[in-house]
Amino acid sequence: MSIVVVGSVALDSVETPFGKAENALGGSATYFSAAASYFSPVNIVAVVGDDFPQEDIEFLRERGVNMEGLEVIKGGKTFHWKGYYGYNLNEAQTLDTQLNVFETFNPQLPESYRNSDYLFLANIHPALQLSVLEQVESPKLIAVDSMNLWISETRNELLTVLGKVDIAMLNDGEARQLSGEANLIKAAKAVREMGPKVVIIKKGEHGVAMFGEDSYFVLPASPVEEVKDPTGAGDSFAGGFMGYIAKAGNLEDRTLRRAVVYGSTIASFCVEDFSLERYRTLTMEEIEARYETFKEFSAFA
Ligand code: AMP
């Protein structure tokens with residue numbers, strides 16, 4: 001069961017109290033794809049310039065990501081994001097965003113992507129999310145992520161997207177900004193009224209909460225001591241979450257709960273190093289072992 005993802009493929013410059021990375025591989029679709037690839041085939045839709053390193057394309061290809069939908073623009077510059085984190089690693093400060101080739105991107109889904117059952121609209125301009133949404137046939141499950149920039153600058157387009165999806169994933173600040181509600185329970189309810197049946201609110205090192213019609217599931221984050229760079233944690237969560245659902249092939253509540261745990265597990269590995277470095281060595285055995293620890297530290301009788 002394959003997944004289509006549209007989002008950014010980027011070169012990021014990131015600084016945290018624990019080091020920095022310059023022009024390193026990043027982007028919402030990139031983190032998502034790397035994470036989801038542990039569970040399911042992924043088809044990426046994005047654009048880069050010809051400054052984008054071939055070895056980064058190869059890295060994703062080796063992870064089994066289908067790159068047919070990655071357009072490479074001759075003479076174009078890849079999307080660039082520059083961010084900074086202080087000791088509060090839950091809050092990224094954007095220092096610079098250069099959309100570059102995304103400014104004129106008109107996504108065209110390869111024929112082979114169109115009948116995928118799972119669609120993830122990763123963080124990118126909602127107009128691009130909509131364009132991809134219109135090109136897929138009849139996915140079983142559509143999920144969306146966004147960010148403060150699009151909530152404030154392109155609210156109406158984002159509301160149109162939200163009206164067409166099953167699951168919305170937001171961090172706590174975005175959920176408050178979008179809904180105008182300070183209380184996260186009220187915020188989740190307000191976002192559900194915008195369309196999605198399920199709303200997932202990510203709270204960084206404080207874990208995640210999933211709100212459905214009659215269901216509520218909360219999970220703490222994995223107690224990782226070695227956090228170097230939180231960039232990509234949200235997209236990695238989404239990748240693990242969607243990847244597991246695509247593998248399970250059903251939308252039962254039990255599957256969604258397990259998917260939240262797999263998403264949190266993968267995100268906890270992602271933050272252990274800068275950029276996508278941790279994915280270069282991460283194995284399925286490590287993922288399964290950490291998944292098991294969630295059962296132990298969140299169980300009580
Ligand atoms: P997160 O999972 O929220 O930490 O996402 C981090 C990724 O989002 C980075 O690798 C950035 O390249 C990407 N990003 C940052 N700003 C934007 C934006 N405005 N549109 C699309 N992607 C972005």
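The side chains of D56 and R280 meet in a salt bridge, with 3.9 Å from N to O. A salt bridge here is a side-chain nitrogen of Lys or Arg within 4 Å of a carboxyl oxygen of Asp or Glu. This pair links distant parts of the chain, 224 residues apart. D56 sits in helix 2 (residues 54-62), and R280 lies in the loop between helix 9 (253-270) and helix 10 (284-298). Helices are DSSP runs of H or I with at least four residues, strands are runs of E with at least two, and both are numbered from the N terminus. D56 is buried at 8% relative accessible area, whereas R280 is partly exposed at 41%. Buried means under 20% relative accessible area, exposed over 50%, and partly exposed in between, using a 1.4 Å probe and protein chains only.

This is a predicted model: local features need pLDDT of at least 70, side-chain atom pairs count only at pLDDT 80 or more, and totals for chains, interfaces and linings use all residues. Residues are numbered from 1 along each chain as its sequence is written, and side-chain values use heavy atoms, leaving out hydrogens and water.

The structure holds eleven salt bridges. Helix 2 contains another of them: E58 and R61 meet at 3.0 Å, N to O. The two are three residues apart in the helix, so about one helical turn separates them. E58 is partly exposed at 29%, and R61 is partly exposed at 42%. E272 pairs with R278, with their closest N and O atoms 2.8 Å apart. Both E272 and R278 are buried.

Four strands form an open sheet with mixed pairing, in the order 3-2-6-7. Two strands pair if DSSP finds at least two bridges between them. Strand 3 (19-26) and strand 7 (93-98) stand at the edges with a single partner strand each, so one side of each has no neighbour in the sheet. Neighbouring strands are turned by 10 degrees against each other on average, direction ignored. Strand 6 (residues 79-84) runs antiparallel to strand 7, and five bridges join them. K82 stands opposite D96 in strand 7.

The lining of the second largest pocket has five nonpolar, two polar and seven charged residues. Among its 14 lining residues, K197, V198, G212, L251 and L256 are the closest to the pocket centre.

Terms used:
Axes are lines fitted to C-alpha atoms, for helices over the stretch in contact, and angles run from 0 to 180 degrees between N-to-C directions. On a 1 Å grid over the protein atoms alone, a cavity is a set of points where a 1.4 Å probe fits but cannot get out, and a pocket is an open set with protein on both sides within 12 Å along at least five of seven lines; lining residues have an atom within 4 Å of a point. Ala, Val, Leu, Ile, Met, Phe, Trp, Tyr, Cys and Pro count as nonpolar, Asp, Glu, Lys and Arg as charged, and the others, Gly among them, as polar.
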